[in-house]
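Below is a briefing on the sheets, helix contacts and ligand shell of one protein model. Please keep the sequence and structure in view while reading.

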Amino acid sequence: RSSIRDICGPEPESFWLGNLKQFFMRQAGEGDFELQERYGRIARLHGSIGGEYLWVADPKALQHIYQASGYNYAKQPERRALSRLHSGHGLVWAEGEVHRRQRKTMLPAFGAPESKALLPYFIHISESLSMRWKDILLASRDFAKELDVTEWLSRATMDAIGEAAFDCQFGALDNGGSEVLRAYNNLLPMVLGVPTTDGIWKRDAMRIFNSSAIVEWIHDRQTNDVLQRARECEQMVMKVAKELVSSKAEALVQGKGSRDIFSLLVKANAAEDAASRLSDEEMYAEMRTILLAGHETTAMALSWALLELARHPEVQTRLREEVRGCKRGEELSASALDSMPYLQAVLREVLRVHPPAIHNFRQAVRDDVLPLAHPITTKSGSVLTELPIQKGTRLILSIAAYNRDPDLWGSDPHMFDPDRWLDGRVKKGQVVGMYGNLLSFSAGVRGCIGWRFAIYEMQAFLVELVSNFEFGPTEDLKRLRREPCGVVAPMLEGEQAVQLPLRVSLANYDV
Ligand code: HEM
């Protein structure tokens, strides 16, 4: 018998989909916030055709799963199989020993000094974006224009990944980039898609095989538009990956190593003993992984940041004043960024309210007992301070709900208010997440390897854009939706494309 059958949760809407339609076919996080409101931090959800999930937002339980349990909570097999479609057998896909080996080789490229050394790349790309926008605004009637900022940020973060991760000029800002890069644009929303009843059912029903190898075998024999696009993308990027791996290896032999992520990875791999070294196939997969994991996530986080600045002009003005006061025309340095507390507070608040990924999906590898920070009362009336978990239990770890827990972030967790980070409202103590105790970068052995890279990149972009431009809302924002499609993407009601139209104008220099 399932150990979670006695846990409270909503009644299933249907046998075919359980609660999955009401949970997933909403704007990002709405299903989570409703469970949080009604059941607290632990709930049971019904999956398709009799399946079930344990939904977890309790900080102590999450800390146990992410931090203390190592590989005891593995990725769900059918989700791993999906990740193979967009990034191959690389780090996002790998489990257990294979993951440990891949991650050990990749870690040195993502350390604190290595990430800090990438700041000049990010400054350079953010200035290029700024110049493009200035050209557009200066040519417009009142130096203001409605721009789809997500489209621009997607291109800019693609160029940033190109330079900082691969030492390649992708040219996405200048000319939309090559065929490969255009294929990567919006790949996640395309492959994982805005949830539909059909899509949710098909994805969840794969659960019955309980094997990523079988689901991958099925994917390899299916044809549909999504799989076709994923395959084309793979073929295109593999060509580039092969060239890149051999040119980096050649540069290393000639002693011409560079500081980009991939050069460091090739170097670290060459230093490994033969048994733990990444194969060529794995290196190609890591390139695809970094391209995808490091591109859309940052573009979306920056988009939500500009949206919140547009909605909160007082935050925008205060941030601009701090940035201009600290920067004073000098080249931006990491220590200058550290001297901007409001910038740090704004960035943390954006990542708290708008985490680009809102769930992690896991499965218990063995029987376990979850400790709970907040006791729960079961359907039969027992009060539990810890929860037994049976091997095979499927869990939905809610980044969205944890990031809005009133016990951790203050009594108004749904409000965007950077001041909570400065006035003591944010609770200190139990550490679950890796940046500001947020779960936005996940945590533990599978936590985001690129989080420092992302933080430097986003800081560089925010400093450049806020000091030069003013952001305001547009009429279209009345139709704005936060769509969960691999990453949380802005879309407009009734339209399919990822987009965020904001009014952008030149910022006043007298302020
Ligand atoms: C705002 C930006 C970012 C956010 C919010 C973010 C978030 C995350 C999250 C939640 C995970 C865990 C996924 C899971 O376990 O299923 C993850 C993993 C990962 N991220 Fe990031 N990420 C960001 C930027 C980046 C960047 C810039 C890079 C690389 C340059 C990167 C590379 C990776 C990789 C390789 C993994 C897999 C780690 C592993 O499984 O060991 N991410 N990220």
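**Strands, helices and ligand shell**

Ala74 stands opposite Gln363 in strand E5. The model is a predicted one, in which local features need pLDDT of at least 70, side-chain atom pairs count only at pLDDT 80 or more, and totals for chains, interfaces and linings use all residues. Residues are numbered from 1 along each chain as its sequence is written. Helices (H or I, at least four residues) and strands (E, at least two) are DSSP runs numbered from the N terminus.

**The five-stranded sheet**

- The open sheet holds 5 strands in the order E1-E2-E8-E5-E3, with mixed pairing.
- At its edges stand E1 (42–46) and E3 (73–75), each with a single partner strand, so one side of each has no neighbour in the sheet.
- On average, neighbouring strands of this sheet are turned by 35° against each other, direction ignored.

- E9 and E12 (residues 501–506) run antiparallel and are joined by 4 bridges, with Glu470 opposite Ser505 in E12.

**The hairpin**

- Strands E10 (residues 480–485) and E11 (residues 487–492) run antiparallel and are joined by 6 bridges.
- They form a hairpin with 1 residue between them, and Gly486 in the turn has a positive phi of about 85°.
- Arg481 has Met491 in E11 as its bridge partner.

**Helix H14 and its two partners**

- The axes of H14 (residues 225–253) and H15 (residues 261–271) come within 9 Å and cross at roughly 70°.
- H14 and H15 are therefore roughly perpendicular to each other, a term for angles of 65 to 115 degrees (under 35 is roughly parallel, over 145 roughly antiparallel, the rest oblique).
- The residues of the contact of H14 with H15 divide into 8 nonpolar, 1 polar and 2 charged; Ala, Val, Leu, Ile, Met, Phe, Trp, Tyr, Cys and Pro count as nonpolar, Asp, Glu, Lys and Arg as charged, and the others, Gly among them, as polar.
- H14 and H16 pack at an angle of about 115°, with their axes 9 Å apart.
- That makes H14 roughly perpendicular to H16.
- This contact is made by Val237, Met238, Ala241, Lys242, Leu244 and Val245 of H14 with Asp280, Met283, Tyr284, Met287 and Arg288 of H16.
- The residues of the contact of H14 with H16 comprise 8 nonpolar, no polar and 3 charged.

**The ligand shell**

- The ligand is surrounded by 23 residues, of which the closest are Ala293, Gly294, Thr297, Cys448 and Gly450; a residue is near the ligand if its C-beta atom, placed from the backbone, lies within 6 Å of it.
- H16 (280–293), H17 (296–311) and H23 (451–468) each supply at least two residues of this shell.
- The shell divides into 13 nonpolar, 8 polar and 2 charged residues.

Conventions. Two strands pair if DSSP finds at least two bridges between them. Axes are lines fitted to C-alpha atoms, for helices over the stretch in contact, and angles run from 0 to 180 degrees between N-to-C directions. Two residues are in contact if their C-beta atoms, placed from the backbone, lie within 7 Å.
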